[in-house]
Amino acid sequence: RRVLFRSMWEWLNANSYKYGFILRYPKDKIDITKVSNEEWHYRYVGKDIAKEMKNTGECLEEYINRVL
């Protein structure tokens, strides 16, 4: 069961942007988001923005600060 969950999170991490979703609180962005990693917390931002954030490696705070 643990392997199933691990592969599910890996799949979500690799593919969610294709459907417009981002991982809201990535573990490598805690210093920016001020929230611990929540591997289950995805947010819909739309396909174009999700793809851009995936390509740049930005979290939502970084993206918003850049585009506003």
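Y44 sits in strand β2, which spans residues 42-44, strands being DSSP runs of E of at least two residues and helices runs of H or I of at least four, both numbered from the N terminus. The model is a predicted one, in which local features need pLDDT of at least 70 and side-chain atom pairs count only at pLDDT 80 or more, while totals for chains, interfaces and linings use all residues. Residues are numbered from 1 along each chain as its sequence is written, and side-chain values use heavy atoms, with hydrogens and water left out.

With a relative accessible area of 51%, Y44 is exposed, whereas F21, at 34%, is partly exposed (buried means under 20%, exposed over 50%, partly exposed in between, with a 1.4 Å probe and protein chains only). The rings of F21 and Y44 have centres 5.2 Å apart and planes at 70 degrees, so they form an edge-to-face pair (centres within 6.5 Å; planes under 30 degrees apart are stacked, over 60 edge-to-face, the rest tilted). Because F21 lies in strand β1 and Y44 in strand β2, this pair ties together parts 23 residues apart in sequence.

Elsewhere, the structure holds four salt bridges, each a side-chain nitrogen of Lys or Arg within 4 Å of a carboxyl oxygen of Asp or Glu. One of them joins E61 and R24 at 2.8 Å, N to O; since E61 lies in helix α4 and R24 in the loop between β1 and α2, it ties together parts 37 residues apart in sequence. R24 is buried, at 9% relative accessible area. Another joins K29 and E62 at 2.9 Å, N to O, linking the loop between β1 and α2 to helix α4 across 33 residues.

Terms used
Rings of Phe, Tyr and Trp (its six-membered ring) pair if their centres lie within 6.5 Å; planes under 30 degrees apart count as stacked, over 60 as edge-to-face and the rest as tilted.
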